[in-house]
Amino acid sequence: MALKLNAVSFPTGKVSAFTNGSRPSRSHNRVVMASTLHSPSSLDVKTVKKPFTPPREVHVQVTHSMPPEKREIFKSLDGWAEKNILVLLKDVEKSWQPSDFLPDPASEGFEEQVKELRERSKEIPDDYFIVLVGDMITEEALPTYQTMLNTLDGVRDETGASPTSWAVWTRAWTAEENRHGDLLNKYLFLSGRVDMKQIEKTIQYLMGSGMDPRTENNPYLGFIYTSFQERATFISHGNTARLAKEFGDLKLAQICGTIAADEKRHETAYTKIVEKLFEIDPDGTMVALADMMRKKISMPAHLMYDGRDDNLFEHFSAVAQRLGVYTAKDYADILEFLVERWKVEKLTGLSSEGRKAQDYVCGLAPRFRKLEERAQARAKQASSSVPFSWVFGKEIML
């Protein structure tokens with residue numbers, strides 16, 4: 001979950017991952033995404049919102065951009081992944097489960113525990129519930145994210161139960177992440193503060209819409225994307241934990257903090273993978289990082305829709321920005337963090353294209369910060385409120 005920055009454009013001078021003659025021509029790998037938006041003259045305008053296809057952006061989809069020979073890199077790293085990535089998974093028997101944080105329905109005190117939860121939640125403002133719901137919806141679309149990982153050439157789970165380290169990681173990562181949505185969903189249900197049917201519709205719409213983060217079946221791009229996203233969710237859940245504590249709900253703060261800790265561990269895994277790619281193929285990884293940042297990191301839930309608000313994600317993001325849960329500043333901070341984590345500025349021996357990519361990436365964070373300052377100024381001048389179906393249509397300040 002994070003603020004959408006896709007609307008901001010920069011002059012880029014397009015550089016795509018894997019060129020130098022080794023990349024298959026994009027002209028052979030293009031799939032034009034059909035728009036769900038009809039022209040004003042269309043006779044069937046009323047059918048714009050079809051099942052699972054709310055209004056969405058349209059872009060050219062590129063597939064299988066990584067040269068086939070680079071798949072061998074990931075096959076050769078299977079043993080490394082077993083020793084360095086799978087060890088970051090937690091033993092199921094030692095893992096927390098949602099029931100550890102929720103009223104026990106088998107206990108005699110269940111009703112009293114629920115009453116206490118609801119009393120604590122009464123002290124929390126509606127705008128906080130908007131960001132908590134948005135976080136939960138993002139987590140609940142987990143099947144989409146597993147599907148995305150399994151589009152990546154060289155690391156996908158080819159059978160659904162493949163024994164490769166990459167496949168084992170994807171399945172176990174999914175299993176760990178699955179607890180996040182379960183826990184937040186059950187808390188929100190018991191709180192009585194939100195319209196669960198509208199939330200459930202939003203989840204169904206979002207999962208049906210899918211996502212194309214423009215990673216092109218390319219694990220270089222895919223693991224850069226997941227590194228950024230895990231860092232973003234760590235920050236977001238950490239901030240909802242901080243706010244919950246300020247509002248006096250220590251149990252909710254513990255819930256959000258526990259989820260944030262998981263996201264931090266997963267961030268460590270994905271950043272280690274990209275770090276290894278920089279070690280093995282610094283030029284290709286550098287160009288891939290620049291390619292991903294030129295496209296801008298689209299947020300997993302940016303296609304969320306509740307059947308009513310065509311700009312739901314933008315409105316949700318504006319509330320998250322105002323509360324300081326996830327902001328444009330965080331976007332720039334994450335980029336700076338990753339540049340330092342991967343020692344991007346210190347890379348040497350790059351090709352001309354690699355050096356251009358390096359210069360581009362290293363100069364991005366200051367530009368994002370300037371944009372954030374302008375966005376903040378505009379937001380203060382144009383403050384408004386919109387109804388959110390998640391909280392029974394109440395008006396929430398953006």
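**Reading the model step by step**

A: Gladly. Of the 398 residues of the protein, 54% count as buried, where buried means under 20% relative accessible area, exposed over 50% and partly exposed in between (1.4 Å probe, protein chains only). This is a predicted model, in which local features need pLDDT of at least 70, side-chain atom pairs count only at pLDDT 80 or more, and totals for chains, interfaces and linings use all residues. Residues are numbered from 1 along each chain as its sequence is written, and side-chain values use heavy atoms, with hydrogens and water left out.

Q: How many helices and strands are there in the protein?

A: Helices (H or I, at least four residues) and strands (E, at least two) are DSSP runs, numbered from the N terminus. Here there are 14 helices and four strands.

Q: How many cavities does a search of the whole structure find?

A: Rolling a probe the size of a water molecule over the atoms shows where empty space is left. On a 1 Å grid over the protein atoms alone, a cavity is a set of points where a 1.4 Å probe fits but cannot get out, and its lining residues have an atom within 4 Å of a point. Grid points are joined across faces, edges and corners, and a volume is the space filled by probe spheres set on the points. The search finds two cavities of 30 Å³ or more.

Q: Which residues line the largest cavity, and which are the closest to its centre?

A: It has 15 lining residues, and the closest to the centre are Tyr145, Trp173, Gln229, Glu230 and Pro300. Helix 4 (126-140), helix 5 (142-149), helix 6 (165-191) and helix 8 (219-246) are the elements that give two or more residues to this lining. Helix 8 provides the largest share, five residues. For the classes, Ala, Val, Leu, Ile, Met, Phe, Trp, Tyr, Cys and Pro count as nonpolar, Asp, Glu, Lys and Arg as charged, and the others, Gly among them, as polar. By that scheme the lining of the largest cavity has seven nonpolar, four polar and four charged residues.

Q: What lines the second largest cavity?

A: Its lining consists of Leu149, Leu152, Val155, Trp166, Trp169, Thr170 and Phe223. Six of these residues are nonpolar, one is polar and none is charged. Helix 6 gives the largest share, three residues.

Q: Asn185 also lies in helix 6. Is Asn185 buried or exposed?

A: Asn185 counts as buried because its relative accessibility is 17%. Its side chain makes a polar contact (a pair of N or O atoms within 3.5 Å; within protein, one must be able to donate a hydrogen and the other to accept it, and residues adjacent in sequence count only if both atoms are side-chain atoms) with the side chain of Glu140, at 2.7 Å. Leaving aside residues up to four places away in sequence, Asn185 touches Met136, Glu140, Met196 and Ile203, where contact means heavy atoms within 4.5 Å.

Q: In which sense do strand 3 and strand 4 pair?

A: Two strands pair if DSSP finds at least two bridges between them. Strand 3 and strand 4 (residues 394-397) pair in the antiparallel sense over four bridges, and Lys394 in strand 4 is the bridge partner of Phe388. The two strands form a hairpin with five residues between them, and Phe392 in the turn has a positive phi of about 60 degrees. Strand 3 (residues 385-388) has a covered face, Val386 and Phe388, and an uncovered one, Ser385 and Pro387.

Technical notes
On a 1 Å grid over the protein atoms alone, a cavity is a set of points where a 1.4 Å probe fits but cannot get out, and a pocket is an open set with protein on both sides within 12 Å along at least five of seven lines; lining residues have an atom within 4 Å of a point.
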